[in-house]
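Here is a brisk report on charge pairs and surface features. Look over the structure first, then read on.

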Amino acid sequence: MEILNILLKTCIGYITLILLMRFMGKREIGQLNLFDLVILLTIVDLLVVGIEHFDENFFIWLAPITLLGIIQKLLAKLLLKVSFFRNIIDGKESIIVNNGKLILENMKKNNYNINDLFVQLRLKDIRNIDEVEYAILETNGELSVYKKGDSDGSFPLPILTSGSIDKDVLIAIGKDKTWFINKLNEKGYTNYKKIKLVTYKNNDIVIFDDYK
């Protein structure tokens, strides 16, 4: 009976986990960051404990698991709208190499050393930093590398998201806030805090919003 009880709980736990993953969205599968990993590990740990305690009602353990799934879903919606919380929970992309030059300050902030950088560059068949136009350390720990000559002048990081200006991006492209505001005014946008997304391309900005 104990074995059947454990097998039944394992099946229920598996189905619950699949349903939670679907509920929380594909972000949990394709873009695991630190917060996502903590949530998933906690859910799995609770499932294991619930299965091991075969003498207790398994649905007691499903309650906190379901709560974690709901919390993650609510936070995901909040992070889409508020960049401040998104930077705290998800972290922020960092430019490690800009036009063949190391940005040591950003490397220190992320505890990312030169050996880590060279390993990632070698894996991408890049022999020297001079070949790199820019390298970006993503929030999930991956390194995105763009070689010189491969770019069409666009910049992959947004200058503005959810009304918040990214000063690091402006510095990287050699611009300042005044330049950015003037560009917005030229296009008829007077309040940048109402804009959802702005990117940089060919010494100009591209605005993804219907606000004016």
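Ile 18 lies in helix α1 (residues 2-24); helices (H or I, at least four residues) and strands (E, at least two) are DSSP runs, numbered from the N terminus. This is a predicted model: local features need pLDDT of at least 70, side-chain atom pairs count only at pLDDT 80 or more, and totals for chains, interfaces and linings use all residues. Residues are numbered from 1 along each chain as its sequence is written, and side-chain values use heavy atoms, leaving out hydrogens and water.

Ile 18 is partly exposed, at 41% relative accessible area. Buried means under 20%, exposed over 50%, partly exposed in between (1.4 Å probe, protein chains only).

**Salt bridges**

The structure holds three salt bridges. Each is a side-chain nitrogen of Lys or Arg within 4 Å of a carboxyl oxygen of Asp or Glu.

| Pair | N to O distance |
|---|---|
| Lys 109 and Glu 105 | 3.7 Å |
| Lys 183 and Asp 204 | 3.8 Å |
| Lys 187 and Asp 204 | 3.5 Å |

Salt bridges with shared partners join Lys 183, Lys 187 and Asp 204 into one network. Lys 183 is buried, with a relative accessible area of 17%. Asp 204 is partly exposed at 26%, and Lys 187 is partly exposed at 30%.

Lys 109 and Glu 105 both sit in helix α6 (residues 104-109), four residues apart, about one turn of the helix. Both residues are exposed.

Where is Asp 166 placed? Asp 166 is in the loop between β6 (164-165) and α8 (167-172). Asp 166 is buried, with a relative accessible area of 14%.
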